[in-house]
Amino acid sequence: MNFNWKSLLLFEVGLHIAISATLLYLLRQGILLLLERQGYSYLTAENFLDFIKNPLTILLFGAYGIVMLFLLLFEVSVLMGCFHYSERKVKAAVTDIVLIGSRQMEIFIRKNRLMWLPGILTLMPFLTAHYLVRQFFNIKVLNYAIQVIVGKIEYPAVLVILCVALLLLCTKLFLAVPSAVMKRGRVKDGFSESGKITGLHYGKVLGSLLVWNIALVVVLFGFYLLFSFLAAVYVHFTKDAAIALGVLLKIEDWIRVGMGYVAGVVGTVCNMVLIYTVYRETTKECGSLPDQLPDYGKSRLFRRFGRKKVAMVLGMCVAALELVYGWYLVNQRVVLADDIFVSTQVTAHRGGARTAPENTMSALMNAVEELADYAEIDIQETKDGQLILLHDNSLKRTAGLNKKVWEVNYDEIRGLDAGGWFRKEFAGEPVPTLNEVLDYCKGKLNLNIEIKSNGHNEDIVPKVLELIEEYHMEDQCIVTSMDYHFLRQVKEWNPEITTGYIMSVAYGDVSRLEYADLLSVKYIYVTESMVRSAHEAGKQVHAWTVNAKGNIMRMNSMGVDNIITDRTTLVREVLAQENTDTFVELLKIALR
């Protein structure tokens with residue numbers, strides 16, 4: 001099986017990157033579009049059921065599921081062809097195995113029509129189980145969905161028995177698709193053959209599958225421990241002790257998400273090796289292993305354009321797709337994990353006001369160093385129209401000049417010392433402009449840009465939005481304000497930019513705040529009912545400014561989406577201790 005391992009590795013990496021580059025992005029955009037059509041800004045636990053029961057949502061996920069099964073069938077066809085080549089010691093380039101698999105799948109679907117769907121479903125538990133279980137550890141909405149399903153079942157043990165029964169049935173029929181693909185036959189005949197083969201060797205097959213997958217779990221867990229150890233070593237020797245734990249916990253989040261994708265690739269390939277081996281050994285006894293190598297010479301595509309041209313074009317398309325996706329992630333910072341996998345996020349207050357002077361470049365650099373999800377900054381406008389970072393209307397507290405910001409030109413402000421008041425080491429720190437901040441934070445740090453309302457800056461909103469668009473950071477910035485009129489201006493200018501209404505007290509019907517995608521509420525006024533009402537309306541809740549461990553735990557237990565704090569490391573530590581809403585907990589619910 002190791003004869004064409006390089007081609008196999010290139011194919012698997014390319015396929016999974018291509019899936020991430022297209023399908024996950026399209027699913028994300030589809031969900032956002034459906035949320036907008038249903039009047040929600042965000043998908044939350046409270047509006048999840050209403051969203052999922054919508055016919056358009058069912059259609060979207062149904063289509064997505066069929067496409068994923070189709071790609072799984074393609075992957076199986078390619079792997080079967082590659083293994084068959086390897087067994088015969090025939091060298092195959094990655095384009096060869098892709099084209100062979102495409103030809104195999106074309107014949108398979110033409111002969112079986114819709115029967116390919118139940119066929120591939122019998123393989124799904126073995127080929128995707130590792131990936132799905134890893135994702136249940138990380139995706140909050142999936143954990144919630146299972147909790148809802150389990151909670152509505154009167155006898156949860158019945159669900160467990162049903163799942164075991166389905167797994168045993170799939171074990172009996174899992175050779176149907178490999179048989180139909182390799183013999184270019186029908187799935188219904190494959191079901192019959194699979195039942196006959198596994199009937200003769202059921203205990204051995206089931207035992208092999210269990211031992212094989214337990215071994216895979218042990219190996220994957222070993223790599224997880226290795227990566228975690230290396231992360232700990234890296235943090236210990238490169239990060240300050242004050243922020244080391246917070247940085248390590250954030251890296252651990254990335255490792256868990258990454259291991260989900262690794263588990264998908266490794267689990268699929270290794271289980272297909274076992275399945276092919278079982279098929280080969282058992283069918284050898286029946287004399288049904290095909291003598292001919294898979295043939296793609298009869299394909300219309302190859303006859304018309306030639307195999308080399310088709311292979312080259314396919315390779316270039318995949319490479320281009322991966323390059324575009326990589327560029328998109330780097331330049332636009334659209335990281336799917338940010339809105340799919342995480343639960344409670346952490347925002348560094350005023351850029352990171354505990355470790356450096358507030359609203360300065362040093363504070364933002366520390367926020368990046370501490371791996372904060374967002375940095376909250378305050379924007380004011382000078383007399384000559386420059387946008388600067390400043391919380392108070394007066395420059396006296398942070399820069400030593402007893403004048404209002406709208407009374408001073410930027411040239412005078414630029415020469416002020418905005419850091420000496422904090423500590424001597426920051427003496428001479430300048431007041432930064434929004435341009436400088438956006439230029440530095442692009443690709444490094446999300447921003448919560450609070451636009452201050454002081455009665456002297458009516459045209460500030462268009463200026464802020466122009467800069468956000470100039471730097472192409474619409475997906476990296478949210479715009480917040482205590483002035484609801486400003487939020488309306490933002491939505492009229494660009495509806496795609498996320499907005500937040502800053503509230504000292506949250507009271508009344510939050511669903512009527514149509515121009516606010518999220519509520520930024522002082523933590524002492526955050527209540528469970530308010531969070532629930534906001535989530536039902538599809539709005540997030542950000543709590544500010546939370547610095548004490550007990551208050552952090554309380555905010556997390558209420559389900560707030562983002563904690564704005566001066567102590568990002570402490571928040572990460574508390575969230576890590578409190579985060580028990582995992583697949584293991586759901587299994588405990590099902591088995592109780």
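Colleague: Is L371 buried or exposed?

Modeller: Buried means under 20% relative accessible area, exposed over 50% and partly exposed in between, with a 1.4 Å probe and protein chains only. L371 has a relative accessibility of 18%, so it counts as buried. L371 sits in the loop between α14 and β2 (374-381), and its phi is near 60°, a positive value in a residue other than glycine. Helices (H or I, at least four residues) and strands (E, at least two) are DSSP runs, numbered from the N terminus.

Colleague: What should I keep in mind about the origin of these values?

Modeller: This is a predicted model, in which local features need pLDDT of at least 70 and side-chain atom pairs count only at pLDDT 80 or more, while totals for chains, interfaces and linings use all residues. Residues are numbered from 1 along each chain as its sequence is written, and side-chain values use heavy atoms, with hydrogens and water left out.

Colleague: Which loop holds N359, and what is its phi?

Modeller: N359 belongs to the loop between β1 and α14, and has a positive phi of about 55° although it is not a glycine. N359 is buried, with a relative accessible area of 3%. A353 lies in the loop between β1 (345-348) and α14 as well. Contact means heavy atoms within 4.5 Å, and, leaving aside residues up to four places away in sequence, A353 touches E358, F422 and D566. The C-alpha atoms of A353 and R567 are separated by 8.7 Å, although these residues are 214 apart along the chain.

Colleague: How is the packing of two helices described?

Modeller: Two packed helices are described by the angle between their axes and the distance between the axes. Here the axes are lines fitted to C-alpha atoms, for helices over the stretch in contact, and angles run from 0 to 180 degrees between N-to-C directions. The axes of α14 (residues 361-369) and α17 (residues 434-441) come within 11 Å and cross at roughly 20°. That makes α14 roughly parallel to α17, since angles under 35 degrees count as roughly parallel, over 145 as roughly antiparallel, 65 to 115 as roughly perpendicular and the rest as oblique.

Colleague: Which residues of α14 and α17 meet?

Modeller: M361, L364, M365 and V368 in α14 meet E436, V437, Y440 and C441 in α17. By class, this contact of α14 with α17 has seven nonpolar, no polar and one charged residues, where Ala, Val, Leu, Ile, Met, Phe, Trp, Tyr, Cys and Pro count as nonpolar, Asp, Glu, Lys and Arg as charged, and the others, Gly among them, as polar.

Colleague: At what angle do the axes of α3 and α8 cross?

Modeller: The axes of α3 and α8 cross at roughly 65° and come within 10 Å. In this contact, L73, V76, S77, M80 and H84 of α3 meet V177, P178, V181 and M182 of α8.

Colleague: Which residues touch the most other members of the largest nonpolar core?

Modeller: A nonpolar core is a set of buried Ala, Val, Leu, Ile, Met, Phe, Trp, Tyr and Cys residues joined through side-chain atoms within 4.5 Å. The largest has 56 residues, of which V76, F108, I120, L123, F174, M272 and I275 touch the most other members. Helix α3 gives the most to this core, with 12 residues. Not counting residues up to four places away in sequence, V76 touches I120, L123, L127, V177 and M272. A second, separate core of 32 residues includes A375, L389, C441 and V461.
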